[in-house]
Amino acid sequence: MTLQPLSLNLNKNEDSLEFLVDEVFDISEFLIDPNIEVKPPTPILSFEYNGKTVPIFTEDNISMIQGPAKSRKSTFLKVVVSTILKGGYYENGRLLKSYYERNNIAIADTEQSKFWCWMTTKIIKYLSGKNVVYYSIAGVSIEKKKKLIEEHLKR
């Protein structure tokens, strides 16, 4: 089967200093062939129970934690990040493990104040012995949040 290139006309917001882009993509570059083996991504964090390992976060993916206010997202985040940065099993149990070595983690917190983000970084450092890149972007417009994330990824 032959696929024709797909022309995308991406309208950008002029207020954000972006401009109209007209690019042509060859959609066949993105076609998945079930006859060609694809290796699984490197696990960053896994859940281990009864001898089975299930990856939770994998390399080359952007992972998000979301939920209602006061649902303990930040507590879970502290456990996840400190386990990844420290390596091995989580300190207070043997369900979560990470043998990931790159340890490039960035967090963009869209809800908590600067103080609580700072407290979270202190706890992560205490649990893992390492610093984490942590941005407090609560109260910032959606457009600015996007720009901040894009800038971080460029760097």
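In which helix is K73 found? K73 is found in helix α1, in a model that is predicted rather than determined by experiment. Local features were taken only at pLDDT of at least 70 and side-chain atom pairs only at pLDDT 80 or more, while totals for chains, interfaces and linings use all residues. Residues are numbered from 1 along each chain as its sequence is written, and side-chain values use heavy atoms, with hydrogens and water left out.

A look at the overall layout comes first. The protein holds three helices and eight strands, where helices (H or I, at least four residues) and strands (E, at least two) are DSSP runs numbered from the N terminus. From that terminus on, the elements follow the order β-β-β-β-α-β-β-β-α-β-α. Of the 155 residues, 25% are buried; buried means under 20% relative accessible area, exposed over 50% and partly exposed in between, for a 1.4 Å probe and protein chains only. Contact requires heavy atoms within 4.5 Å, and 46% of the contacts between residues at least 6 apart in sequence join residues at least 24 apart.

Within α2, the residues C117, T120, I124, L127 and S128 are buried. They lie on the same side of α2 because they cover an arc of only 85° around the axis, the arc being that of the directions from the helix axis to the C-beta atoms. In general, an α-helix has 3.6 residues a turn, so residues three or four places apart point the same way. The face turned away from the buried side of α2 carries the exposed residues K114 and Y126. Cover for the buried residues comes from elements including α1 (73–86), β7 (106–109) and β8 (133–136). Just after α2, G129 adopts a positive phi of about 80°.

How do the two helices α1 and α2 meet? Their axes come within 9 Å and cross at roughly 40°, with axes fitted as lines to C-alpha atoms (for helices over the stretch in contact) and angles running from 0 to 180 degrees between N-to-C directions. That makes α1 oblique to α2, since angles under 35 degrees count as roughly parallel, over 145 as roughly antiparallel, 65 to 115 as roughly perpendicular and the rest as oblique. At this crossing, K78, V81, S82, L85 and K86 of α1 meet T120, I123, I124, L127 and S128 of α2.

T120, in helix α2, is buried with a relative accessible area of 2%. Beyond residues up to four places away in sequence, T120 touches K78, Q112 and Y134. I123, also in helix α2, is partly exposed at 31% relative accessible area. Between I123 and V79 there are 9.5 Å in space, C-alpha to C-alpha, and the two are 44 residues apart in sequence.

To return to K73, this residue of α1 counts as buried at 15% relative accessibility. Leaving aside neighbours within four places in sequence, K73 contacts I65, Q66, G67, P68 and E111. V54, found in strand β4 (residues 52–58), counts as partly exposed at 45%. With residues up to four places away in sequence not counted, V54 touches S46 and F47.
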